[in-house]
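Please open the model in a viewer and keep the sequence panel in view.

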Amino acid sequence: MTDHENEPLPDEERPRRGADPAEDSPGTDTSAGKTTAPSAGQAARRGPSRAADDPHQDDRAPSHKVMAVGTIVVLVIALVVGFAAYAINSIQPSTRSASPVASSTWKLELPVQIGDYTRDPNAAASPSTQAGSTVISATYSKGGKDSAVILMSRPQADLKKFMSEAGMTSVTQQELSDRSGTALCGVDADHNDTGCVVLQGDTAVLAMGLQDQSRQDLADLAQQIGIQAAGSK
């Protein structure tokens with residue numbers, strides 16, 4: 001081995017043990033000790049900036065848009081539903097049952113005599129109002145005995161409803177003797193008396209028997225009283 005082989009190598013020829021971290025550190029100029037801007041590749045490795053990572057910055061505008069769109073959708077749905085309901089209600093006929101309105105012009109007054117039945121002419125009955133209807137009644141006698149109670153009520157349109165409200169049971173139809181129509185006959189649950197009612201125009205005429213009369217007799221009596229009362233205007 002020669003002496004030249006044992007001489008130390010110059011610094012520039014010595015092998016480098018490892019890279020100086022400071023030399024590879026982005027943004028540092030090792031020659032002058034100055035900091036330089038990172039390269040595009042270094043910036044990419046660092047990732048997006050804080051401004052890009054801020055979720056609130058991107059959510060503010062879309063949040064207002066979503067709320068506005070949602071409000072408009074709700075208003076449109078409400079308008080469509082309201083219009084549909086109005087259209088359906090205007091097409092369908094009203095289901096309310098209208099109360100009958102009095103249309104007869106003849107005086108609501110009971111005759112003094114009808115066939116063999118008479119009432120006291122000095123005990124003139126006066127009409128009264130009950131549940132929206134004008135009602136008049138009187139007791140008629142036959143052969144010196146109280147035989148029937150006659151009642152007229154106006155306005156009426158449904159005899160079944162009338163009999164139900166009067167508390168009549170076992171209600172059935174009874175054909176009139178002259179075959180001009182039918183009456184409804186039933187039994188008074190309180191006194192077990194039989195009564196029959198006919199409709200004269202918009203006026204119900206009820207004949208309640210007090211002497212065990214037949215349904216046929218009471219139906220004909222109610223019809224006769226209605227005809228006579230309507231004809232004595």
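Begin by selecting Thr 203 together with its neighbours: leaving aside residues up to four places away in sequence, Thr 203 touches Ser 104, Trp 106, Leu 108, Met 152, Ser 153, Arg 154, Gln 156 and Val 198. Contact here means heavy atoms within 4.5 Å. This is a predicted model, in which local features need pLDDT of at least 70 and side-chain atom pairs count only at pLDDT 80 or more, while totals for chains, interfaces and linings use all residues. Residues are numbered from 1 along each chain as its sequence is written, and side-chain values use heavy atoms, with hydrogens and water left out.

**Around Thr 203**

Thr 203 belongs to strand S11; helices (H or I, at least four residues) and strands (E, at least two) are DSSP runs, numbered from the N terminus. With a relative accessible area of 0%, Thr 203 is buried. The classes are buried under 20% relative accessible area, exposed over 50% and partly exposed in between, computed with a 1.4 Å probe and protein chains only.

Now display the side chains of Arg 154 and Asp 202. The side chain of Thr 203 makes a polar contact of 2.9 Å with that of Arg 154, and another, of 3.3 Å, with that of Asp 202. A polar contact is a pair of N or O atoms within 3.5 Å; within protein, one must be able to donate a hydrogen and the other to accept it, and residues adjacent in sequence count only if both atoms are side-chain atoms.

**The salt bridges**

How many salt bridges does a search of the whole structure find? The search finds three, a salt bridge being a side-chain nitrogen of Lys or Arg within 4 Å of a carboxyl oxygen of Asp or Glu.

One is already on screen: the side chains of Asp 202 and Arg 154 meet at 3.9 Å, N to O. Asp 202 lies in the loop between strand S10 (194–200) and strand S11 (203–209), and Arg 154 in strand S7 (residues 145–154), so this pair ties together parts that are 48 residues apart in sequence. Both Asp 202 and Arg 154 are buried.

Select next Lys 107 and Glu 109, whose side chains form a salt bridge at 3.7 Å, N to O. Lys 107 is exposed at 52% relative accessibility, whereas Glu 109 is partly exposed at 40%.

Then move to Glu 175 and Arg 179, where the closest N and O atoms of the salt bridge are 3.4 Å apart. Glu 175 is partly exposed, at 40%, and Arg 179 is exposed, at 60%.

**The disulfide**

Select Cys 185 and Cys 196, which a disulfide joins with an S to S distance of 2.0 Å; the criterion is a pair of cysteine sulfur atoms within 2.5 Å. Cys 185 lies in strand S9 (residues 182–188) and Cys 196 in strand S10, so the link ties together parts 11 residues apart in sequence. Viewed about the S-S bond, the angle is 110° and the link is right-handed. Cys 185 is buried at 0% relative accessibility, as is Cys 196 at 0%.

**Helix H7**

Finally, select residues 215–231, the 17 residues of helix H7. From first C-alpha to last, H7 reaches 24 Å, close to the 24 Å expected, the expected span being 1.5 Å times one less than the number of residues. Among the buried residues of H7 are Leu 218, Leu 221, Ala 222 and Ile 225.

**The whole protein**

Clear the selection to view the entire protein, which has seven helices and 11 strands. Of its 233 residues, 25% count as buried.
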